[in-house]
Amino acid sequence: LTAQTFRNFGQDPHSFIPSFENHTERTHPDDREMMKQTVQGAILSRKPFDYYHRLIRRDGSVRTLHARGRAIYDRDGKPVRMVGTGQDVTERIALEAERTSLVAAEVASRRAGFLRQATLGLYESMDYESRLVQLAKFVVPTLGDWCAVDILEEDGRFNRLAVVHSDPKKIELAKELEERYPEDPELPTSRWNVLASGKPVLFREITDEMIDAGARDPVHAALIRALGLSSFITVPLIAREAKLGTLTIVMAESGRHYDESDVELAMDLSRKAAIAIDNARMHTQLMGKTAELEEQAARLERVVQELGGANEILNQQATEMELSQEALQKSSSELEMQTDELQRANRELAQSQAEAEKANHAKTEFLAVMSHELRTPLNAINGYTELMEMEIGGVVTEAQREYLARIKKSGTFLLGLINDVLNFAKVNA
């Protein structure tokens, strides 16, 4: 026995006799059963034991010990004693926990920054295909060596609108693989099932055994190996319950592997991307409605002009009717024809007016939605500008304060314009 043994127990070496029973009595109640089973298992298996447990010292303080050792047996195979060590690792475990907490906080901060930057990039263009390409470029290489975005078309097929990798040859190889060996929609991990279930798919490690099991022939396996894939995640793109497509990120050359925290980050990114895609599609649809409205307005104007010409003809015919009964009968027949034309034109006019009102309502709704979409990042810009002016993130120089004032002034001015658009939408409604 060493002096450290008595220090671990917080006992006087002259009055305390270390034994398994005393050790068990001083062990934390929540750890006793685990300790007994571990030691008994080691004795029965004739293998060393190695475990951690909490120890309650005489003064009531709790320490964590790392116990390691083995049983000694006599010639008959009967255990006669145990030898081993007990190391006090309380401070080390506390330090590791603190370090783990700091690392987790730093990782969370970096991921939050990544999502903010990705969100800003998604709104740099109103064309949703451009947004998808920008998203894929932003993901590589921060979140993966590959990134692909597939959109589900109306015919049920996926259209790959964006794929990014540093090596163009690898992109061509992936395209060849997709064309020669299309994905089976019935597979549980297929893009169709990911989108249908709304749940992500994670492959932590892609092994040679997995490639051989999933390949359809040796050429298929060779193409997959040529891509050098090591891990991948596929997440759904869903907005307002509309199933838009999937986002796939892949580790390859870096050799890294994804875990559950990466899946959570990918899901956060996919939700923001899906909203941006949905908004861009809505914008495109509204632009199409606006074009239809302008075309209907032009057609309505032509109808009005035709009606004006018809009225002139009717007036002329009325004058001619006073001169001759025969002309009156003839004009009466022509008048009936003109009346039918007028009624048909009136019906078309009423239909066009209803369509115009519907399109105008869609345009007003678009103005309100887009104004709200713009106010969110502008409020964030103004809020962070005020935080920097308050020197929350550090000392601000006079030159920086002047720049912040300009940013704040421009943001306030733009926010006023957006509020004017919102007011216009409300008045129009």
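1. Strands β4 (residues 146-152) and β5 run antiparallel to each other and are joined over 6 bridges; strands count as paired here if DSSP finds at least two bridges between them. Helices (H or I, at least four residues) and strands (E, at least two) are DSSP runs, numbered from the N terminus. Leu152 has Phe158 in β5 as its bridge partner. The two strands make a hairpin with 5 residues between them, and Gly156 in the turn has a positive phi of about 90°.

2. A word on what you are looking at: this is a predicted model, in which local features need pLDDT of at least 70 and side-chain atom pairs count only at pLDDT 80 or more, while totals for chains, interfaces and linings use all residues. Residues are numbered from 1 along each chain as its sequence is written, and side-chain values use heavy atoms, with hydrogens and water left out.

3. Ser231 stands opposite Met251 in β8. Have a look at Arg240, in the loop between β7 and β8: its phi is positive, about 50°, although Arg240 is not a glycine. Arg240 is exposed, with a relative accessible area of 64%; buried means under 20%, exposed over 50%, and partly exposed in between (1.4 Å probe, protein chains only).

4. Now to the charged pairs. The whole structure has 20 salt bridges, each defined as a side-chain nitrogen of Lys or Arg within 4 Å of a carboxyl oxygen of Asp or Glu. In one of them Glu91 pairs with Arg63, with 2.7 Å between the closest N and O atoms. This pair links distant parts of the chain, 28 residues apart: Glu91 sits in helix α4 (residues 90-122) and Arg63 in strand β2 (residues 62-73). Glu91 is partly exposed at 48% relative accessibility, whereas Arg63 is buried at 17%.

5. Lys170 and Glu253 also meet in a salt bridge, at 2.9 Å from N to O. They link distant parts of the chain, 83 residues apart, with Lys170 in helix α6 (residues 168-180) and Glu253 in the loop between β8 and α10 (260-323). Lys170 is buried, with a relative accessible area of 16%, while Glu253 is partly exposed at 46%.

6. Asp208 and Arg225 form another salt bridge, 3.5 Å from N to O. Asp208 lies in helix α8 (residues 208-214) and Arg225 in helix α9 (residues 218-227), so the pair ties together parts 17 residues apart in sequence. Both are partly exposed, Asp208 at 46% and Arg225 at 35%. There is also a network of salt bridges linking Asp150, Arg160, Glu178, Glu183 and Arg191.

7. Pro141 is in the loop between α5 (128-139) and β4.

8. The loop between α11 (325-389) and α12 (398-428) holds Ile392, which is exposed at 58% relative accessible area. Ile392 forms a nonpolar surface patch with Tyr384, Leu387 and Met390, with about 440 Å² of accessible area together. Patches are made of residues with over 30% relative accessible area and no salt bridge, joining like charges within 9 Å and nonpolar side chains (Val, Leu, Ile, Met, Phe, Trp, Tyr) within 5 Å; accessible areas come from the Shrake-Rupley method with a 1.4 Å probe, and for residues only the protein chains shown count as cover. Glu391, in the loop between α11 and α12, has a positive phi of about 60° although it is not a glycine.

9. Finally, Thr24 in helix α2 (residues 20-26) is buried at 11% relative accessibility. Leaving aside residues up to four places away in sequence, Thr24 touches Arg32, Met35 and Lys36, where contact means heavy atoms within 4.5 Å.
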